[in-house]
Amino acid sequence: MNDNSIEKSKLFASSLCAAEGVADKKIVRVGNVVFGEGEPVIIAGPCAVESAEQIEAIAAALSKMGVAMLRGGVFKPRTSPYDFQGLGFEGLAYIDAASKKYGIPFVTEVMEVAYLERVAQYCDMIQIGSRNMYNYPLLRAVGRLNKPVLLKRAFSATLKEWTLAAEYIAAQGNEQIVLCERGIRGFDPCTRNTLDITAVPIMQMNTGLPVIVDPSHATGRSHLVEPVSRAAVAVGADGLIIEVHPEPEKALSDGEQSVRLDQFEAIIDSVKQCCRR
Ligand code: PEP
Ligand code: MN
């Protein structure tokens, strides 16, 4: 990365890491859901949409709990090409139906420019995953849409690189960006990643964008989701995105880090107590 790029940037990066660089706070709306104002927004759902029945049961349970948004991947960026890759557009139809039935907006990941517009017709928010944070054609293309974007941090990205990735989107006209800290690659295999909690206030201050935390991918272990969610909210995160599965041991992806529905309900209660300041 060329260091001059930071001076040339117009929107967010100009103030990055400068103590005095406090950007104006922006709020991002996804339907009636507001990021960056008041209570942290809770997003939950399976790593992957596995069947119509699975996503329907999860959406029913989450909407009963008052969860703001549903998540569910249909195009899965798996490390091995032999692992479950997601149900594709068939899965998109399932999550769209569940979302509409229970009135709960949904976010889903897109990996290819060619699929963006078709997915955007259905979803309420587009997720750019960790592996695609450096995919500049994809960032530009999502920047041309009028659709909120959840931009996850690449597991190797500096805060400057992450900020400039947001800038790629915003420079095309789409400033409806929510950032998601999901852990960076550390040296300790005890957790899947290492949550960079400091990134939350730094990115909020320097970009003004809402920043949420993904405790599921950050830790890779379901029993760590509750304490890490509490930490995220305590540091001032604008929301959480949590992987939930009715039967984690049978999940087609990320079962080890997925919490059951009853565990998830307890996590929300616990997180709410942290919000009372
Ligand atoms: C996901 O949200 O399921 C996912 C693949 O996340 P990440 O891009 O952070 O690895
Ligand atoms: Mn996952």
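Arg78 is partly exposed, with a relative accessible area of 23%; here buried means under 20% relative accessible area, exposed over 50%, and partly exposed in between, using a 1.4 Å probe and protein chains only. This is a predicted model, in which local features need pLDDT of at least 70, side-chain atom pairs count only at pLDDT 80 or more, and totals for chains, interfaces and linings use all residues. Residues are numbered from 1 along each chain as its sequence is written, chains are lettered from A and ligands numbered from 1 in the order in which they are written, and side-chain values use heavy atoms, with hydrogens and water left out.

Back to Arg78: you will find this residue in the loop between β4 (69-71) and α3. Helices (H or I, at least four residues) and strands (E, at least two) are DSSP runs, numbered from the N terminus. Leaving aside residues up to four places away in sequence, Arg78 touches Asp83, Phe84, Gln85, Leu252 and Ser253, where contact means heavy atoms within 4.5 Å. Arg78 and Glu90 are 12 residues apart along the chain, and their C-alpha atoms are separated by 18 Å.

**The manganese site**

Which protein atoms hold the manganese ion (ligand 2) as donors? They are Cys47 (SG), His217 (NE2), Glu243 (OE) and Asp254 (OD), lying 2.1 to 2.4 Å from the ion. Donors are N, O and S atoms within 2.8 Å of the metal (3.2 Å for Na, K and Ca), and water is not among the atoms, so sites may look incomplete. Along the chain, the donors of this ion follow the spacing C-x169-H-x25-E-x10-D. His217 lies in helix α8 (residues 215-219) and Glu243 in strand β10 (residues 239-243), so this pair ties together parts that are 26 residues apart in sequence. Both His217 and Glu243 are buried.

Asp254 deserves a look of its own. Asp254 lies in the loop between β10 and α10 (261-275) and is buried, with a relative accessible area of 11%. Asp254 has a positive phi of about 55° although it is not a glycine. Most residues other than glycine have a negative phi.

Ala218 counts as buried at 2% relative accessibility. Not counting residues up to four places away in sequence, its contacts are Arg182, Gly183, Thr191, Arg192, Asn193, Thr194 and Leu195. Ala218 and Ile184 are 34 residues apart in sequence and 7.4 Å apart in space, C-alpha to C-alpha.

**Helix packing**

Two helix pairs are set out below. Axes are lines fitted to C-alpha atoms, for helices over the stretch in contact, and angles run from 0 to 180 degrees between N-to-C directions.

| Pair | Angle | Axis distance |
|---|---|---|
| α2 (residues 52-64) and α3 (residues 88-102) | about 30° | 9 Å apart |
| α9 (residues 225-234) and α10 | roughly 25° | within 9 Å |

The crossing of α2 and α3 is right-handed, a term for the near helix being turned clockwise from the far one by less than a right angle (anticlockwise is left-handed). On the α2 side the contact is made by Ala52, Ile55, Glu56, Ala59, Ala60 and Ser63, and on the α3 side by Tyr94, Ile95, Ala98, Lys101 and Tyr102. By class, this contact has 8 nonpolar, 1 polar and 2 charged residues. Ala, Val, Leu, Ile, Met, Phe, Trp, Tyr, Cys and Pro count as nonpolar, Asp, Glu, Lys and Arg as charged, and the others, Gly among them, as polar.

α9 and α10 are roughly parallel to each other, and their crossing is right-handed. Val225, Glu226, Ser229, Arg230 and Val233 of α9 meet Ile267, Ser270, Val271, Cys274 and Cys275 of α10. That contact has 6 nonpolar, 2 polar and 2 charged residues. Ala266, placed in helix α10, is partly exposed, with a relative accessible area of 41%.

**Helix α7**

In α7 (residues 199-207), the buried residues include Ala199, Val200, Met203, Gln204, Asn206 and Thr207. Their cover includes α6 (159-171), β8 (177-181) and β9 (211-213). Gly208 follows α7 and has a positive phi, near 80°.

How values were computed:
Parallel < 35°, antiparallel > 145°, perpendicular 65-115°, else oblique.
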